[in-house]
Amino acid sequence: ATAVAADHAHLRTVWKRLREIVQSGGLAFHPRADAWRLVSEFASELKEHFAAEEADGYFGALVEERPELHTLVARLRREHGEMLEIIAAVLAPGESAWMAAGFDSEMLELLELFQSHERAEARMLQEFFGRDEGGEGS
């Protein structure tokens with residue numbers, strides 16, 4: 001869980017930067033190499049972050065301790081797949097052929113899904129740890 005928490009800070013920084021770019025004119029108005037680097041970095045960090053979350057020591061441990069979280073964890077895992085599909089499609093043309101124009105809507109969809117996903121996950125963890133610390137039955 002600590003590795004996942006540590007990943008959040010930098011991932012959120014890249015997320016915020018991409019969101020600012022997309023909302024202030026779009027990726028096409030940003031230097032192509034920098035936009036490509038940010039999108040690629042976000043993709044790489046998403047993959048690592050999701051792999052850490054899906055490990056038995058994180059999602060697996062939550063579900064083992066609280067089986068009622070199974071449905072929510074399954075939804076979060078599906079969202080991981082959806083987000084990775086979107087970012088893969090955005091990066092599919094490859095750096096030399098990549099044109100940022102046309103990907104703003106996909107990136108905005110991804111960034112909004114990521115934000116919603118992270119909020120749902122945070123609520124789940126608050127409930128999990130709240131109950132663990134005496135929230136249940138006290």
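Helices here (H or I, at least four residues) and strands (E, at least two) are DSSP runs, numbered from the N terminus. This is a predicted model, in which local features need pLDDT of at least 70 and side-chain atom pairs count only at pLDDT 80 or more, while totals for chains, interfaces and linings use all residues. Residues are numbered from 1 along each chain as its sequence is written, and side-chain values use heavy atoms, with hydrogens and water left out.

On that basis, the protein chain comes out with 5 helices and 0 strands, and reading along the sequence gives the pattern α-α-α-α-α. Of its 138 residues, 39% count as buried (buried is under 20% relative accessible area, exposed is over 50%, and partly exposed is in between, using a 1.4 Å probe and protein chains only). Taking contacts (heavy atoms within 4.5 Å) with a separation of 6 or more, 78% come from residues 24 or more positions apart.

Now for the helix packing, where axes are lines fitted to C-alpha atoms, for helices over the stretch in contact, and angles run from 0 to 180 degrees between N-to-C directions. Helix α2 (residues 32-54) packs with α4 at an angle of about 155°, and their axes are 10 Å apart. That makes α2 roughly antiparallel to α4 (the classes are roughly parallel under 35 degrees, roughly antiparallel over 145, roughly perpendicular from 65 to 115, and oblique for the rest). The crossing of α2 and α4 is left-handed, a label used if the near helix is turned anticlockwise from the far one by less than a right angle, with right-handed used if clockwise. On the α2 side, the residues that meet α4 include Trp36, Phe42, Leu46, Phe50 and Glu53; on the α4 side, they include Arg77, His80, Met83, Ile87 and Leu91.

Helix α4 (residues 70-91) also packs with helix α3 (residues 56-65), at an angle of about 160° and with axes 9 Å apart. That makes α3 roughly antiparallel to α4, and this crossing is left-handed too. Phe59, Gly60 and Val63 of α3 make the contact with His70, Val73, Leu76, Arg77 and His80 of α4. As for α2 and α3, they pack at an angle of about 40°, with axes 4 Å apart, and are therefore oblique to each other. Here Ala52, Glu53 and Glu54 in α2 meet Asp56, Tyr58 and Phe59 in α3.

Glu53 lies in helix α2 and counts as buried, at 0% relative accessibility. Ala74, in helix α4, is partly exposed, with a relative accessible area of 23%. The C-alpha atoms of Ala74 and Glu54 are separated by 10.0 Å, with the two residues 20 apart along the chain. Over in helix α5 (residues 104-135) is Glu109, which is partly exposed at a relative accessible area of 47%. Glu109 and Met83 are 26 residues apart in sequence and 9.0 Å apart in space, again C-alpha to C-alpha.

Finally, the aromatic side chains. A pair of aromatic rings is described by the distance of the centres and the angle of the planes. The search of the whole structure turns up 3 aromatic pairs (rings of Phe, Tyr and Trp, with its six-membered ring, pair if their centres lie within 6.5 Å; planes under 30 degrees apart are stacked, over 60 edge-to-face, and the rest tilted). One of these is the edge-to-face pair of Phe128 and Phe129, at 5.0 Å centre to centre with 85° between the planes. Phe128 counts as buried at 8% relative accessibility, whereas Phe129, at 40%, counts as partly exposed. Elsewhere, the charged end of Arg12 sits over the ring of Trp15, 4.6 Å from its centre (the cut-offs are NZ of Lys or CZ of Arg within 6 Å of the ring centre and within 35 degrees of the ring normal).
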